[in-house]
Amino acid sequence: MNQSVLDAICKKGQGEKYVELQNSVGQRWYIPLRNSSVHLSLFQPSSIQGKIVAYFFEIIKHFPFLLHIIHAKIVQLQFSKEFQEFVDDIFRVSHCNFGIFCGSPSYHQKPTLLISKGKRVLGYCKLTDNKCVMELFYEESKSLTYLHGKDIKNVPISLFCGKLPFNQHIGAFVQTTCRENKVKLATYTNKKLYDFVKEVNTKTKLSIPFSDSDFAKSLNKLIQHLSLLKDKGMQNTLRDGIKAVKANQDSFEYFCASHGDLTPWNSFIVQDKFFAFDLEYFKCSYTPFHDLFHFFTQEMLYNKYANAEKIYLKYKGIRKLFFKDTDKADLFYLSYLLMIFEFYLNRDNGILNERIKECMETWATLIKYILKNVSENN
């Protein structure tokens, strides 16, 4: 993360005490000592060690030697008067508190602040000095307005999107949340997840020509980016997948909105309702159930550490559970797998870290499995 973004709103060495956490992949968090349980929701580890830290955090934070063991430390942060007043005015309260997630290392890295008042979570503020990321903020703000216009309520409300009034070099996106202290994380088999995706699919349904859809445009981008893959065998697998989708393009009766990156860490369940946030990669016209397949596959990869064979086995269970009345599940899953390749090749311009390369091997193997089913159904 560009440190200048945080430097624009706060100073180290004075003010409230925070625990600075950092993991092995360069992600960093600042969790306030006061009301830390409220802000700990920013810290959603996938490793066993991280989960242990989260579980015992309320004890660990009081013992410097334990903090040292987990490579954490106590720091002080003082937010500027201008930023404090900016956020207080938006939420119409005084003296909001902040927790910080500095973002995942990438070109689109950005800090996200959880905003609270006492034990109550008010919302989030994302910040950037990157012009491309600011464009994503504007697009996400428009997407939230679009979804609320379609009577989809289980997403945030955009409260502010633009340059900070006291610093025109920094962009901010402030939004509400329905998160409370006690939330549950969904799993891919949770019917609340399925119902949410189904509702979005139904309420945003667009009957448009295949070539006019965001999906078709992304498919064309994927074709252009195939040369960024150094593995020729993987290129050929993707070409086979693209060919199969185009051969079945008349099977797509409609397209619909997609969150774009719906995962266990971009959603939660509270009061028996499923809520989604972080819609910066939203699309208006992708294939049905794109979000369900992304949620499932990412959960299997990052939380279950599953290989392609295990993911495919679990996919067959999903197909049986949620797609009893259609023979298009394989075509929809294939479409998703092609889009996840396009997402990373387009976003990172082919500069991929080792973890994404490993995932691509898994996705390519899954495409091979699914292609057999698509061929058998036609």
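**Cavity, helix packing and sheet**

About 60 Å³ of space lies in the largest cavity of this predicted model. A search of the whole structure finds one cavity of 30 Å³ or more.

**The largest cavity**

- The lining of the largest cavity is formed by Leu 147, Val 155, Phe 196, Val 200, Ser 258, His 259, Ala 276, Leu 279, Phe 282 and Asp 291.
- By class, seven of these lining residues are nonpolar, two are polar and one is charged.

**Helix 8 and helix 11**

- Helix 8 (residues 191-203) packs with helix 11 (residues 290-303) at an angle of about 150 degrees, and their axes are 8 Å apart.
- Angles over 145 degrees count as roughly antiparallel, and helix 8 and helix 11 are therefore roughly antiparallel to each other.
- Leu 193, Tyr 194 and Val 197 of helix 8 meet Asp 291, Leu 292 and Phe 295 of helix 11.
- This contact of helix 8 with helix 11 has five nonpolar residues, one charged residue and no polar residues.
- Asp 291 lines the largest cavity and also takes part in the contact between the two helices.

- Eight strands form an open sheet in the order 3-1-2-4-5-6-8-7, and their pairing is antiparallel.
- Strand 3 (73-79) and strand 7 (158-164) stand at the edges with a single partner strand each, so one side of each has no neighbour in the sheet.
- From one strand to the next, the twist averages 30 degrees.
- Six bridges join strand 6 (residues 120-128) and strand 8 (residues 167-176) in the antiparallel sense.
- Leu 127 has Ala 172 in strand 8 as its bridge partner.

How values were computed. Residues numbered from 1 in each chain as written. Predicted model: local features only at pLDDT ≥ 70, side-chain atom pairs only at ≥ 80, totals over all residues. Heavy atoms only, no water. 1 Å grid on protein atoms, 1.4 Å probe; cavity = no way out; pocket = protein on both sides within 12 Å on 5 of 7 lines; lining within 4 Å. Points joined across faces, edges and corners; volume = space filled by probe spheres on them. Nonpolar A, V, L, I, M, F, W, Y, C, P; charged D, E, K, R; others polar. Axes fitted to C-alpha atoms, helices over the stretch in contact; angles between N-to-C directions. Helix = DSSP H or I, 4+ residues; strand = E, 2+ residues; numbered from the N terminus. Parallel < 35°, antiparallel > 145°, perpendicular 65-115°, else oblique. Contact = heavy atoms within 4.5 Å. Pairing = 2+ DSSP bridges.
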